[in-house]
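Thanks for coming. Please look at the screen while I talk.

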Amino acid sequence: MAPQSRRLMLHVGTVKTGSTSLQAYFAEHQQALAEAGWCYLPAVGRPDRRDLAAACIAIDDQRDELLRALRLVEPQQRLAFRQQVKAELEAQLKAVPDELGVILSSEHFHLSLQRPEEIETLKQLLLELGLEVQQVVIYLREPLALIESLFSTMVRSGDQRPLPADPADPFVALICDHSASLRRWRAVFGEAVLQPRAFPPQAGGSLSADFLQLLGNAPAAGWPPEPQRQRNRGLNPSALNLLAWLNRHCAWLTPQARHRWQRGLRRLLDGALSRWASGSYRMPEPQRSRYRQRYSDGYAAWLSRELPQ
C-alpha cells in the first residue's frame, strides 16, 4: 500500500547562508512548528539530512567525504546505504502525526547533488515515501562575499588549500554559479516549486523569520525570536595569512593537531586574532575582478530581476 501523502518543505542550503543556525532554530522550536502544522526531521544523531543527500549521489561517484569515511565504495554497498537511509526516514515519518508537514534541510543537497539525475533520485525517493514537495527553498549569497567568507572559514579550520585563482574552477562554479544551480533544481522540481531567497534576507529580518513566513501558518503566540548568538569576528588579511602559513608549516599548531593542548593553543591564537586583528578578508584585486566579472555582476542583475521581494 502506498504511504499517505504528506507536505514537504525542502531546504537545500546553499553553503555559507546560515543553514546551521536555521537547523538549530528548527530543532529548538519543534513545539512551535507543530502548532503551525510542521515537523523538522533531521537524521538521528545529526542536525540535518546529510545522509539523504549522500544516499542520492550517483552510485559510481566517489567524491563525497561521508561515503568515503563510511567506506561505501562498491555499488552494492551504496545501494544498501540508500535503502537504509530510506528505511530510517520512513520509520521517523511513521512517528509524525498525519496532519503535520515535514521540513528536511541540508546544504549538502546543493553541494552533493551536482547533476539533475541525482536531484531526480532524491525526488523519486521522497515520492516513494509519500512526500510531496511543496517548496524547494534555496538561499543565495552574493558570490564574492560567499567565496571570501568560505576561504576565511577554511583557513581558520586548518585547511591548506589556496583560493583558486581561476573562477572557473569546478568547486567555485558549483557554489558561486547560482544561475546553474537554479537551472538544475528547476529542471527536476519545476519553476513553481523552486523558491530562491536572498541571503541575508533583503528585508533585513532574521533568516528564521524569512523561512518561517513560507510555511503559511504560525503558532498562536507567534514564532519564538531567534536567539542572539555570539558571532565569530572575521580576520583581516594579515591575520588570515598568518594562519594560512601556520597551516602549511606548523602542523602541530592547527585544529587537527594530535594533542589537546596544541589544539587549545590554536584556539587561543584564533581568539586573540579575532579580538586584535579583526576585519574582513579580501582577495587580491586582480583575482577579485575576475570573480566579479564571472559571477557577481550576473548575480546583481538576477537579484533585481527575479528574486521575490
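Start with Ile138, which stands opposite Pro196 in S5. Before I go further, note that this is a predicted model.

Strand S4 and strand S5, which covers residues 194-199, pair in the parallel sense over six bridges. S4 also has strand S1, residues 6-11, as a partner: six bridges join the two, and they run parallel. On that side, His11 has Val137 of S4 as its bridge partner.

How many of the eleven residues of S4 are buried? Nine of them are, so this strand, residues 131-141, is largely enclosed by the rest of the structure.

Next is helix H8. Glu142 caps the N-terminal end of this helix, with a side-chain oxygen 3.0 Å from the backbone nitrogen of Leu144. H8 itself takes in residues 143-156, which makes 14 residues. From its first C-alpha to its last it reaches 20 Å, close to the 20 Å expected at 1.5 Å a residue.

Is H8 mostly covered or uncovered? It is mostly covered, with twelve of its 14 residues buried. Among the buried ones are Leu146, Ile147, Leu150, Phe151 and Val155, but also Glu148, Ser149 and Arg156.

The phi of Lys16 is near 60°, a positive value in a residue other than glycine. Is Lys16 buried, exposed or partly exposed? At 24% relative accessibility it counts as partly exposed, because buried would need a value under 20% and exposed one over 50%.

Arg71 also has a positive phi, near 60°, and it is not a glycine. You will find Arg71 in the loop between helix H4, residues 65-69, and helix H5, residues 75-94. Its relative accessibility is 66%, so Arg71 counts as exposed.

Another cis peptide bond runs from Phe199 to Pro200, with omega near -5°. Pro200 is in the loop between S5 and helix H11, residues 207-212.

On the other end of the chain segment we turn to Val193, which sits in the loop between helix H10, residues 178-189, and S5. Val193 has a relative accessible area of 16%, so it is buried. How many Å separate the C-alpha atoms of Val193 and Ala145? The separation is 27 Å, and the two residues are 48 residues apart along the chain.

Last, the surface. Which residues make the nonpolar surface patch of about 480 Å²? They are Trp252, Trp261, Leu265 and Leu268. Trp261 is in helix H13, residues 260-276. With a relative accessible area of 55%, Trp261 is exposed.

To go back to where I began: Ile138 faces Pro196 of S5, and S4 is paired in parallel with S1 and with S5. That is my part done.

Note on methods:
Residues are numbered from 1 along each chain as its sequence is written. This is a predicted model: local features need pLDDT of at least 70, side-chain atom pairs count only at pLDDT 80 or more; totals for chains, interfaces and linings use all residues. Side-chain values use heavy atoms; hydrogens and water are left out. Helices (H or I, at least four residues) and strands (E, at least two) are DSSP runs, numbered from the N terminus. The expected span of a helix is 1.5 Å times one less than its number of residues. Buried means under 20% relative accessible area, exposed over 50%, partly exposed in between (1.4 Å probe, protein chains only). A polar contact is a pair of N or O atoms within 3.5 Å; within protein, one must be able to donate a hydrogen and the other to accept it, and residues adjacent in sequence count only if both atoms are side-chain atoms. Two strands pair if DSSP finds at least two bridges between them. Patches are made of residues with over 30% relative accessible area and no salt bridge: like charges are joined within 9 Å, nonpolar side chains (Val, Leu, Ile, Met, Phe, Trp, Tyr) within 5 Å. Accessible areas come from the Shrake-Rupley method with a 1.4 Å probe; for residues, only the protein chains shown count as cover. A salt bridge is a side-chain nitrogen of Lys or Arg within 4 Å of a carboxyl oxygen of Asp or Glu.
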